[in-house]
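Dear colleague,

I am handing over the structure below, and after it you will find my notes on what was found there.

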Amino acid sequence: MITARFKDLCMDATDALSLGRFWAGALGGTVTDLGDGACRIDPPPGRPRTEAIWVNPMPEPRTGRTRVRLDPGIVGGTVEQLDGGAAGIRDAADLPWPTWIFQPVPGPKTVKNRAHWDVTTAVPTPDALVEAGATLDRSPDDEIYWWVLRDPEGNEFCAFAPKRTGAQSPAPAGVA
């Protein structure tokens, strides 16, 4: 049993307000300028406050794969083994997404962190994300059924098409 409490979901950015505006637009939230170069992405109306994302200015440029970080704490939840060597935490109180998935990677950690976003698009393509400033790195192929993109600061994230009846289900939204 996990016994901590979720605290914050954070991103580091060279230009926190610009990156906050991109993600607020992509997620349907609003940006609150905190007046010190940082901002908070508030969730859409009706969503829990725990879904807020803090975007903090960093003086150094991004040097690794992503600068998403979690200030975690989780109460309860079930840890379970998933396909392909992955593991997940499900049904944890205060977690702002239904599942937290940990995927195996081929090498040791060499940069600040290796967390990334997974988002589910409202339509069957990631075109709106690209139009808003994301860069497409990889499209669905024989190995994956999602898109791999980078936000305006180069942070990697995955975009899944909306779930369709009878189709292969995308991974849960959240961080994988």
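**Aromatic pairs, a hairpin and a loop residue**

Phe22, Trp23 and Phe157 make up one aromatic cluster, where rings of Phe, Tyr and Trp (its six-membered ring) pair if their centres lie within 6.5 Å, with planes under 30 degrees apart counted as stacked, over 60 as edge-to-face and the rest as tilted. Please note that this is a predicted model, in which local features need pLDDT of at least 70 and side-chain atom pairs count only at pLDDT 80 or more, while totals for chains, interfaces and linings use all residues. Residues are numbered from 1 along each chain as its sequence is written, and side-chain values use heavy atoms, leaving out hydrogens and water.

Across the whole structure, the search finds six aromatic pairs. The ring centres of tyrosine 145 and tryptophan 146 are 5.0 Å apart and their planes stand at 80°, so this pair is edge-to-face.

Strands β2 (residues 30–33) and β3 (residues 39–42) pair in the antiparallel sense over four bridges; strands are DSSP runs of E, at least two residues, numbered from the N terminus, and two of them pair if DSSP finds at least two bridges between them. Valine 31 stands opposite isoleucine 41 in β3. The two strands, β2 and β3, form a hairpin with five residues between them, and glycine 35 in the turn has a positive phi of about 80°.

Alanine 52 lies in the loop between β3 and β4 (53–57). Its C-alpha is 7.2 Å from that of leucine 9, although the two are 43 residues apart in sequence.

Kind regards
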